[in-house]
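Subject: Structure for you to look at

Hello,

Here is the structure I said I would pass on. My notes on what was found in it follow below.

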Amino acid sequence: MKNSIPDKFRLPASTDNITSGFTGNAQIKIALAIGNSRLHWGLFAGKTLQKTWDTEHLNADAVSRFSEEEKAEYLVQIVMRSIEEISSQNLLCLPATPAFSNPDTLSLVPLPLILASVVTQQTAIWQSYPDVRIITLDQLPIGGLYPTLGIDRALAVLGAGNQLGWPVLLIDAGTALTFTGADVNRYLVGGAILPGLGLQLSSLGKKTAALPLVNLPQNLPHRWATDTAGAIQSGVVYATVAGVRDFIEDWRCLFPDSKIAVTGGDRTMLLKYLTASFPDTAAGLIDAPEAIFWGISLLTVDC
Ligand SMILES: Nc1ncnc2c1ncn2[C@@H]1O[C@H](COP(=O)(O)OP(=O)(O)O)[C@@H](O)[C@H]1O
Ligand SMILES: CC(C)(COP(=O)(O)O)[C@@H](O)C(=O)NCCC(=O)O
Ligand SMILES: [K+]
């Protein structure tokens, strides 16, 4: 659904094609994938993903005190500041146009925003953005989706299948650790959900009296630990890696030639632990940090 754009957010005609300097005529769009830990951003020129970055969730209480108009202006500025920040780090080359170089004109630029969110409270905030399109399951060209499936899982498995080939298993090592598999007919076979590595550690730290908050170890820890922090790390890492291996091996029995991709904030650590403990299982796994944006890119036409 596309909201109408209030006049105050419309670009002056002269700056209509604000980003043409590095994209030709391709239209610039921002994709925002909202996960349970943070916001994942992607900047598209047409269907080409130019850059991705992450930021924190917005403060829902603070935003709820704004009027509708203030909300819209605030959200446009969040988007533009975020883009300016990555471009000033030289991660992205944006042309020197009035829209990007003059802070007074920032709020004039409502880049189209494509939103995919699994966090209702954050989705509600972004509904006030002047040019937002929210992706829902019914828009995805993949069969067998059940109504409560997370849009992040559906988009990432669709993106991985389209980019790497079908059948495909997508492992998302995010807040939750999820497995999502689809067959050669782009049909959901099924999946599983368990607490992610970070969430296992934080829930032990928060929900027990004696256990400290510990970080993920940089490498595969010693299994038979003789201190509390080491025992937590050992338990979480070895049990998770054994479980992930079991899902991968089962999937490979069902679909021997399947591509298997890994995404999410903890993917690098998970791949490291898996490679150290089960190198044969880890062989052939594909590092796919942008899987969800591959999925979103398939939906960037006519929006
Ligand atoms: N800078 C960071 N901020 C937050 N989490 C991070 C960061 N870098 C790595 N992580 C890890 O990423 C995990 C969350 O994965 P992510 O894919 O961002 O989650 P989600 O998509 O659910 O928001 C956390 O459990 C944490 O261990
Ligand atoms: C399983 C999830 C919580 C994963 O979220 P994430 O870790 O990516 O923030 C999310 O995909 C979700 O809310 N899913 C709905 C239930 C389902 O997919 O069956
Ligand atoms: K995710």
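Which residues does UniProt list under "binding site"? The entry, which is unreviewed, gives A33, I34, G35, N36, S37, R38, L39, H40 and T175. These residues span 143 positions in sequence, yet no two of their C-alpha atoms are more than 13.5 Å apart, so they gather at one spot. From this set, A33, I34, G35, N36, S37, R38, H40 and T175 belong to the lining of the largest pocket. Please keep in mind throughout that this is a predicted model.

The chain as a whole

The protein chain has 303 residues, and 49% of them are buried. It contains 11 helices and 10 strands. Of the contacts with a separation of 6 or more, 58% are between residues 24 or more positions apart. The chain exposes about 14500 Å², with carbon and sulfur atoms supplying 52% of that area.

Two residues from the listed site

G35 sits in the loop between β1 (28-34) and β2 (39-45). R38 lies in the loop between β1 and β2 as well. Is G35 buried or exposed? Its relative accessibility is 12%, and the limit for buried is under 20%, so G35 counts as buried. R38, at 33% relative accessible area, is partly exposed.

As for their contacts, neighbours within four places in sequence are left aside for G35, which then touches H40, H57, V118 and V119. With residues up to four places away not counted, R38 is in contact with A33, D54, T55, H57 and G265.

Ligand 1

What surrounds ligand 1? The residues are G35, N36, S37, R38, H40, G174, T175, G198, G264, G265 and D266.

- R38, through a polar side-chain atom, at 2.6 Å
- D266, through a polar side-chain atom, at 2.7 Å
- N36, through a backbone N or O atom, at 3.3 Å

On its own, ligand 1 exposes 560 Å², of which the protein buries 65%.

Ligand 2

How many residues surround ligand 2? There are 13, and the closest are N36, Y146, D152, R153 and A176. A polar side-chain atom of D152 is 2.6 Å from an oxygen atom of ligand 2. N36 places a polar backbone atom 2.8 Å from an oxygen atom of this ligand, and a backbone N or O atom of T175 is 3.3 Å from an oxygen atom of the ligand.

T263 is in strand β9, which covers residues 259-263. With a relative accessible area of 6%, T263 is buried. What does the side chain of T263 reach? It reaches the backbone oxygen of P289, at 3.4 Å. Neighbours within four places in sequence aside, T263 is in contact with L170, I171, D172, A173, A288, P289, E290 and A291.

Regards

Definitions and conventions:
Residues numbered from 1 in each chain as written. Chains lettered and ligands numbered in written order. Predicted model: local features only at pLDDT ≥ 70, side-chain atom pairs only at ≥ 80, totals over all residues. Heavy atoms only, no water. UniProt positions renumbered as here; feature names shortened; annotations may be inferred. 1 Å grid on protein atoms, 1.4 Å probe; cavity = no way out; pocket = protein on both sides within 12 Å on 5 of 7 lines; lining within 4 Å. Helix = DSSP H or I, 4+ residues; strand = E, 2+ residues; numbered from the N terminus. Buried < 20%, exposed > 50% of the residue type's maximum accessible area, 1.4 Å probe, protein only. Contact = heavy atoms within 4.5 Å. Near = heavy atom within 4 Å. Polar contact = N/O pair within 3.5 Å; in protein donor to acceptor, adjacent residues only side chain to side chain. Areas by Shrake-Rupley, 256 points an atom, 1.4 Å probe, with all protein chains shown as cover.
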